[in-house]
Amino acid sequence: MTQYRPQEDLSKRFWVHNLQELRRSASLATKVFIQRDYSDGTICQFQTKFPPELDSRIERQLFEETVKTLNSFYAEAEKIGGSSYLEGCLACATAYFIFLCMETHYEKVLKKISRYIQEQNEKIFAPRGLLLTDPVERGMRVVSFLAVLCEGTELLTSGLPGEDPQK
Amino acid sequence: MCDTRSEQPDLTFYLGLGCPYLAVKITPAIPVVGGILFFFVMGTLLRTSFSDPGVLPRATPDEAADLERQIDIANGTSSGGYRPPPRTKEVIINGQTVKLKYCFTCKIFRPPRASHCSLCDNCVERFDHHCPWVGNCVGKRNYRFFYMFILSLSFLTVFILAFVITHVILRSQQTGFLNALKDSPASVLEAVVCFFSVWSIVGLSGFHTYLISSNQTTNEDIKGSWSNKRGKENYNPYSYGNIFTNCCVALCGPISPSLIDRRGYIQPDTPQPTAPSNGIAAYGATQSQSDMCDQDQCIQSTKFVLQAAATPLLQSEPSLTSDELHLPGKPGLGTPCASLTLGQPTPPSSMPNLTTEAALTDILPLKEEHVGHQFLTPEEAPSPPRLLAGSPLAHSRTMHVLGLASQDSLHEDSVRGLVKLSSV
């Protein structure tokens with residue numbers, strides 16, 4: 001895995017370029033899906049159980065920390081309290097036209113989440129050959145880790161059916 | 001008395017019959033308030049009709065495959081039978097055991113309180129009911145608009161009824177009851193319509209007020225999911241305990257953004273125009289869904305991405321020439337695994353293990369008159385050039401045979417789909 005070096009060594013542009021390549025070759029990847037955890041009701045939460053497929057790729061603690069942070073972001077988005085009521089009432093009073101001017105609290109948190117995920121991808125996951133997808137792109141059903149194969153680029157040139165992807 | 005305009009055939013009370021009379025006789029605020037209520041009703045109606053109720057997008061083929069695998073492991077079988085038994089998962093929410101069902105159409109385990117609407121052909125979060133009057137499902141995201149609609153409509157009908165009656169009474173004080181009715185015949189009709197509407201609409205509002213205050217959906221109430229009749233220990237795990245909080249959450253809580261990808265390209269539920277070559281039988285016709293096949297598709301689809309990037313994107317030839325033969329048919333977004341489109345009716349068979357694995361392998365030259373598709377159910381007797389693969393499949397799936405006309409758009413779509421794929 002020599003293509004991905006720590007951010008400090010390379011210019012930002014190269015780094016982003018690599019991340020894009022990582023995304024493109026992600027279709028070769030093994031995908032690990034982390035499903036929703038409904039034990040607290042219908043709020044958006046993902047299971048923190050460590051999937052065995054990631055055993056060799058990432059430390060358990062890092063994984064759990066990431067998922068827990070995501071869960072806390074979603075809890076913040078869906079939090080019911082004074083400010084959300086105020087927003088709801090204000091929106092109702094303006095016949096929801098106010099959303100033409102401003103974003104809902106939920107949307108703001110979603111933006112925060114996607115920034116966080118991008119950061120995590122750059123700093124932690126890409127060096128390990130993993131790519132975390134934003135649940136919003138998957139309809140909030142799953143968080144998926146794409147484990148890009150080590151020899152990803154070689155695999156592109158060969159690729160007869162039936163060949164074992166190298167892990 | 002002023003101009004009553006009773007001789008003009010107006011449709012509603014407020015278009016001229018009673019308004020001028022009452023406006024002059026009592027106060028001009030009456031038509032104003034009526035107008036405001038009317039616009040509010042129309043606004044909430046349109047909002048309910050045209051907003052996303054909380055549709056859950058269908059699972060991508062990879063996710064579906066992953067879930068299938070997990071279910072198979074859990075069941076200890078491997079795709080037994082044409083339609084496996086209904087799959088459920090149990091979850092304990094707030095002390096109550098809730099069963100999560102697997103949706104065969106959307107290929108997901110439905111979240112609690114979600115349900116699949118057969119009219120909209122989607123799973124909807126916090127599914128309340130499908131309202132034919134509104135023409136849309138009522139779910140998590142538009143429940144408050146629906147409630148405001150019926151509430152304001154009930155105020156409007158009560159308002160109209162009250163003032164129609166007032167109008168008739170005031171007139172009959174001057175000219176007698178029968179003359180009053182003769183002078184404004186539409187009032188009778190309006191009174192009758194409003195009277196019956198009041199019962200139904202106010203009844204519905206009352207019912208939904210009860211549902212909101214106990215944080216239940218119509219679906220749950222009808223099934224009696226949380227009623228005491230099922231057992232003393234049965235209670236609603238989603239309720240916040242007090243009526244005020246329940247109401248606030250339902251009406252003023254945060255609205256989650258829509259999960260529908262409105263700008264994405266719809267993957268038609270039809271097979272790709274593929275052209276398998278001699279080696280195909282070896283590959284995958286009988287291969288059951290497995291990780292291997294998934295990854296092979298991934299490999300092929302990536303090959304396709306790279307090749308497509310090299311070839312001109314949109315081609316207009318109706319039939320695939322030999323140049324295009326290297327392009328495996330239509331991976332669409334994600335993989336060439338069968339993907340269902342949103343809103344299209346799905347065959348009731350078990351979707352799951354489906355794949356168009358063989359689609360991705362070697363390609364045969366396509367003839368103009370057909371679009372060959374390897375995946376036909378055993379019932380569909382193989383019409384001649386169709387069975388290019390030549391081998392029956394382990395998994396049956398009803399496929400449509402594409403006509404030439406659709407090939408064109410399909411090809412364009414497949415290329416667009418690729419562009420999207422490459423941006424994932």
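This is a predicted model: local features need pLDDT of at least 70, side-chain atom pairs count only at pLDDT 80 or more; totals for chains, interfaces and linings use all residues.
Chain B has 424 residues, and 52% of them are buried. A search over all chains turns up 11 salt bridges, and one of them links Lys31(A) to Asp62(B). Chain B also carries a positive surface patch and a nonpolar one.

**Chain B overall**

- The secondary structure of chain B comes to 11 helices and eight strands.
- Take the contacts in chain B between residues at least 6 apart in sequence: 66% of those join residues at least 24 apart.
- Chain B exposes about 19,900 Å² of accessible surface, and carbon and sulfur atoms account for 63% of that.

**Where helix 3 of chain B meets chain A**

- Lys31(A) and Asp62(B) pair up in a salt bridge, with 2.4 Å between the closest N and O atoms.
- That pair crosses between chains: Lys31(A) sits in strand 1 (residues 30-35) of chain A, and Asp62(B) sits in helix 3 (residues 61-75) of chain B.
- Setting aside neighbours within four places in sequence, Glu63(B) is in contact with Phe33(A), Arg138(A), Arg141(A) and Val142(A).

**Salt bridges within chain A**

- Glu103(A) and Lys111(A) form a salt bridge through their side chains, at 2.4 Å from N to O.
- Both partners are partly exposed: Glu103(A) has a relative accessible area of 26%, and Lys111(A) has 46%.
- Glu119(A) and Lys123(A) form another salt bridge, with their closest N and O atoms 3.8 Å apart.
- Both of these residues belong to helix 4 (residues 105-125) of chain A, where a spacing of four residues puts them about one turn of the helix apart.
- Glu119(A) is partly exposed at 38% relative accessibility, whereas Lys123(A) is exposed at 52% because the cut-off for exposed is over 50%.

**Surface patches on chain B**

- The positive patch is made up of Lys99(B), Lys101(B), Lys223(B) and Arg230(B).
- Of these, Lys99(B) belongs to strand 3 (residues 96-103) of chain B and is exposed, with a relative accessible area of 54%.
- The nonpolar patch covers about 530 Å² and brings together Val188(B), Val192(B), Phe195(B), Phe196(B) and Trp199(B).
- Val192(B), one of its members, is part of helix 6 (residues 185-213) of chain B.
- With a relative accessible area of 42%, Val192(B) is partly exposed, and it qualifies for the patch because members need over 30%.

- Gln96(B) is another residue of strand 3 of chain B, but it counts as buried, at 7% relative accessibility.
- Not counting residues up to four places away in sequence, Gln96(B) touches Val91(B), Trp226(B), Glu233(B), Asn234(B), Tyr235(B) and Pro237(B).

- Lys107(B) has a positive phi, near 60 degrees, and is not a glycine.
- Lys107(B) is placed in the loop between strand 3 and strand 4 (108-109) of chain B, and at 8% relative accessibility it counts as buried.
- Arg126(B) also has a positive phi, near 45 degrees.
- The loop holding Arg126(B) runs between strand 6 (122-124) and strand 7 (129-131) of chain B.
- Arg126(B) is buried as well, with a relative accessible area of 14%, because buried means under 20%.

Notes:
Residues are numbered from 1 along each chain as its sequence is written. Chains are lettered from A and ligands numbered from 1 in the order in which they are written. Side-chain values use heavy atoms; hydrogens and water are left out. Patches are made of residues with over 30% relative accessible area and no salt bridge: like charges are joined within 9 Å, nonpolar side chains (Val, Leu, Ile, Met, Phe, Trp, Tyr) within 5 Å. Accessible areas come from the Shrake-Rupley method with a 1.4 Å probe; for residues, only the protein chains shown count as cover. A salt bridge is a side-chain nitrogen of Lys or Arg within 4 Å of a carboxyl oxygen of Asp or Glu. Lys and Arg count as positive and Asp and Glu as negative; His and the chain ends are not counted. The place of a charge is taken as NZ of Lys, CZ of Arg, CG of Asp or CD of Glu. Helices (H or I, at least four residues) and strands (E, at least two) are DSSP runs, numbered from the N terminus. Buried means under 20% relative accessible area, exposed over 50%, partly exposed in between (1.4 Å probe, protein chains only). Contact means heavy atoms within 4.5 Å.
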